[in-house]
Amino acid sequence: MTTKEHAKKHSMDISHVAAVELPFNVKNTDRAVKMLGGKERIHKAISSQYRPTAIQPSSHAVDDKNLELRLRNDPFHHPVQASVNRREKVLLKVSIPKSSLPKDYEESPQNYTVRELIKRNTEKGGHHVKVEPVAIINKNYNFRAIADFQMSTKNNKMAQDFNKQVLRANKVDELKEFYKKKLTVTDELKDPEVFENKDHQLIPPPHFSGVRFPFDFRYQKSPYTVTIRDDEGDMKVVMKSDSKKLFTNTVDFYNDDIPKEPLPEIVKKYEWMINNDLSQEYADRKLFDCIHNLRRLFELKPIWLRKLLVDVTPTHLKAAVKEALPYVSYCYKNGPWRFCNVRLGINPKDDKSYWMYQSGYFRLQGLRTKFDQTEDSTRVLPNTIKMTHPDSDVKVSEHLLFTGKKLPRAINYQIGDIMDEDVMGVIKRAEENGELLRDTLDPQEGWINYQTFETIRRIVRYKLRRLYKEEPIDRDKIHAIVEADYAEKDGEAAVDVGEEDEDEEEADLGDNEDEENQDQNGVEDENDIEEDILDDNTVTEGSVFDRIKKADGRAAEKLKEFVGFIKQESTQLQD
């Protein structure tokens, strides 16, 4: 049985010494001692029983009982103040055979630690290394504080005169001369040179920095940025969260051509996703799955509002809906199907059966704040899906549809999906009487007859206001709206059924600008396409007249003459 060798015991009846750690490599000991103030200053500090108080962050004061390090021979130099550590440490003397030392040890001893030298000696099988304590360090001075900002006084005449005539004066006359010229109070305020913007040769202040020790701000790279190299080879920092460019295929209602395929820019992306393994590409895999999910939904229903699409999409794919829609659909930026996503290749202007997918937009201020977020909404099968797929499991949240009983969360509805009994009754009666649809497509009411369209608009608008104000529905008012005869736009004025004038602007239907930003779940509304859809540059005076001319040529000519008259009057007023 082997026994481990115990460490040797050493007597600690040894000298107590003080140590000074300097922030540089000492090659000239005499010069280093002089930078500390000389032997007498060092002896005074070591022998003093003075214990410095807690170091103040803004303290640069000179302490006669403490050490200071002067880096320049200048009376106006700001020295570095020492910190004192009184914890006792043992100073060891390690003797290593010279034969085991590296060849460059004499020139660069700082390149090797004691542990490395001992290990090197052991590996070479050198003589035994001798370690013994030689002293106990009971005071340790170090200079961890920052060197204050320095000001050179080489070209400062005032400082040089003070140094020569005061600090290094050999005669009293020199002191008197300096006092008489520099320190005697004179009526110098009357001298205009005192106020000139120039170097007035002032002596440096006692200190500049208000911080004694350096502060680590722990600057780190922003997790939201990434460094890339541009085409010219320069490095630049860009945001990771740069919004992806959406290739939304938007169509003007007055344009007869409709897209049958996605834009060429994303066709290549889709082909790449088909031909590559997406198991390690989370974002692309999510986009690919969302595209196929949307294709299934567009098979059930050819025209959707995007808010409903997001609602019926699985949770893990919701974030990809906006990017995936251009692969399977296009969007109208105006007209009866405004804000609707239409399946590629389908033109709702060619078939009257697409009337049920027309959208109606109602602006109701304060709707989003009024909605109860804690209320759980039931899911129902939309009428437009129930007609063709009654057994479908695709159901939407009831609060996205207008039922006439609860305040909805959305402000944009498809006519065929409105579940209000009065609206459905109006549509059913119009169908039975053959008055629901018109023969020619209208740019505002679409395929729906104006009488029916205006009746639906007024019922929804009235009920939205009442639900918002939490007031009961007046059945007499509903009856009056349904039975009223609304004149065509190009004929007589519409019949007044007693709707409040002050509420006329609260809710409206048609081509008004959408002001809703987001829904309560943080899912973007159908109208945020609208950055892609609505282009102010495409709306010009000529384009407006062209559209009016298609609807009513005679009215367009009269309006054009009226605009010309206004311009002429405006020009005359300016002259």
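Where is H78 found?

1. H78 sits in the loop between β2 (68–69) and β3 (80–81). Strands here are DSSP runs of E with at least two residues, helices are runs of H or I with at least four, and both are numbered from the N terminus. The model is predicted: local features need pLDDT of at least 70, side-chain atom pairs count only at pLDDT 80 or more, and totals for chains, interfaces and linings use all residues. Residues are numbered from 1 along each chain as its sequence is written, and side-chain values use heavy atoms, with hydrogens and water left out.

2. H78 counts as buried because its relative accessibility is 7%; buried means under 20% relative accessible area, exposed over 50%, and partly exposed in between, with a 1.4 Å probe and protein chains only. Apart from neighbours within four places in sequence, H78 is in contact with D148, F149, Q150, P205, P206, H207 and F208, where contact means heavy atoms within 4.5 Å.

3. Two backbone oxygens lie by the side chain of H78: a polar atom of that side chain is 2.9 Å from the oxygen of P205 and one is 3.0 Å from the oxygen of P206. A polar contact is a pair of N or O atoms within 3.5 Å; within protein, one must be able to donate a hydrogen and the other to accept it, and residues adjacent in sequence count only if both atoms are side-chain atoms.

4. Four strands form an open sheet with mixed pairing, in the order β9-β11-β12-β10. Strands count as paired if DSSP finds at least two bridges between them. β9 (250–251) and β10 (303–305) are the edge strands, each pairing on one side only. β9 runs parallel to β11 (residues 329–332), and two bridges join them. The bridge partner of V251 in β11 is Y332.

5. At the start of α13, a side-chain oxygen of N449 comes within 2.9 Å of the backbone nitrogen of Q451. E470 follows α13 and has a positive phi, near 60°.

6. The protein chain has 17 helices and 18 strands. Of its 575 residues, 37% are buried. Among contacts with a separation of 6 or more, 66% are between residues 24 or more positions apart.
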